[in-house]
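This report works through a single protein chain, moving from its overall makeup to particular contacts and surface features. Please keep the sequence and the structure at hand while reading.

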Amino acid sequence: WVPHSGDPEATLDCLLRLGARVNARSWARDEDDEEGGDVYVPDRPHNPPLIELLQESSCFSKWVVPCADKLVTRGARASGVFSAHGTSALAAAVLSRNDPAIRFLLREARVPVDERNTVTGETALHACASGSYDRDGIYRLPLNAGADPNATDESGRSPLLACLMQR
């Protein structure tokens, strides 16, 4: 919902001035139609703007934190908000490997560091441990913010077990 070219921050300012709802959910993306466009699926859960921003952060990384700050300042929920797949805002930032966004969410938006995926029960630390994110030191950010290294997901896996299972 924020363009991938130009100045997303200016576009966001304009949309917010015009009354864009900061917690409205986006259209779900499904199979491409014949013309290559996304197909709207009305009964599929959708993502809120903050989650979309964090998931797409590699496309315009320098604007992620300013745009996230604008959304949160205008009332976007940073905690208790999840993607269509149950991913929290913090886990979405971890999966995008966006250190500044992770720091913003933990320090400024004050999201709970151990907020769990509503489907799998994983925390952001699980997301760090189960991917190739450890080489970037991203796992230190949730740990330094007090993440529970022994939290278990719905399968009973701790972040340590998640890390070992990926190797």
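Does Glu9 count as buried, partly exposed or exposed? At 23% relative accessibility, Glu9 counts as partly exposed, where buried means under 20% relative accessible area, exposed means over 50%, and partly exposed lies in between, with a 1.4 Å probe and protein chains only.

## Basis of the model

This is a predicted model, in which local features need pLDDT of at least 70 and side-chain atom pairs count only at pLDDT 80 or more, while totals for chains, interfaces and linings use all residues. Residues are numbered from 1 along each chain as its sequence is written, and side-chain values use heavy atoms, with hydrogens and water left out.

## Overall makeup

The secondary structure of the chain comes to eight helices and zero strands, where helices (H or I, at least four residues) and strands (E, at least two) are DSSP runs numbered from the N terminus. Read from the N terminus on, the elements therefore run α-α-α-α-α-α-α-α. Of the 167 residues in the chain, buried residues make up 43%.

Side chains of opposite charge can pair when their charged atoms come close. A salt bridge is taken here as a side-chain nitrogen of Lys or Arg within 4 Å of a carboxyl oxygen of Asp or Glu, and by this rule the count comes to four salt bridges. One of them joins Lys70 to Glu9, with the closest N and O atoms 3.6 Å apart. This pair links distant parts of the chain, since Lys70 is in helix α3 (residues 64-73) and Glu9 is in helix α1 (residues 8-17), 61 residues apart.

Lys70 also forms a salt bridge with Asp13, and here the closest N and O atoms are 3.1 Å apart. Asp13 lies in helix α1 and Lys70 in helix α3, so this pair ties together parts that are 57 residues apart in sequence. Glu9, Asp13 and Lys70 are thus linked in a network of salt bridges. Lys70 is partly exposed, with a relative accessible area of 22%, and Asp13 is likewise partly exposed, with a relative accessible area of 26%.

## Helix packing

The axes of α1 and α3 come within 9 Å and cross at roughly 15°; axes are lines fitted to C-alpha atoms, for helices over the stretch in contact, and angles run from 0 to 180 degrees between N-to-C directions. That angle makes α1 roughly parallel to α3, given that angles under 35 degrees count as roughly parallel, over 145 as roughly antiparallel, 65 to 115 as roughly perpendicular and the rest as oblique. α1 passes α3 in a right-handed crossing, a term used if the near helix is turned clockwise from the far one by less than a right angle, with left-handed meaning anticlockwise.

Helix α3 also packs with α5, at an angle of about 25° and with their axes 9 Å apart. α3 and α5 are therefore roughly parallel to each other, and their crossing is right-handed.

The side chains of Arg157 and Glu122 meet in a salt bridge with an N to O distance of 2.6 Å. Arg157 lies in the loop between α7 (140-144) and α8, and Glu122 in the loop between α5 (99-108) and α6 (124-130), so the pair ties together parts that are 35 residues apart in sequence. Arg157 counts as buried, at 15% relative accessibility. Asn150, found in the loop between α7 and α8, counts as exposed at 57% relative accessibility, and the C-alpha atoms of Asn150 and Leu125, 25 residues apart along the chain, are separated by 9.8 Å.

Most residues other than glycine have a negative phi. Arg97, in the loop between α4 (89-95) and α5, has a positive phi near 55° and is partly exposed at 30% relative accessibility. Arg110, in the loop between α5 and α6, also has a positive phi near 55°, and Arg110 is exposed, with a relative accessible area of 66%.

## A nonpolar surface patch

Leu160, Leu161, Leu164 and Met165 form a nonpolar patch on the surface, with about 410 Å² of accessible area together. Patches are made of residues with over 30% relative accessible area and no salt bridge, like charges being joined within 9 Å and nonpolar side chains (Val, Leu, Ile, Met, Phe, Trp, Tyr) within 5 Å; accessible areas come from the Shrake-Rupley method with a 1.4 Å probe, and for residues only the protein chains shown count as cover. Leu161 is found in helix α8 (residues 159-166) and counts as partly exposed, at 38% relative accessibility.
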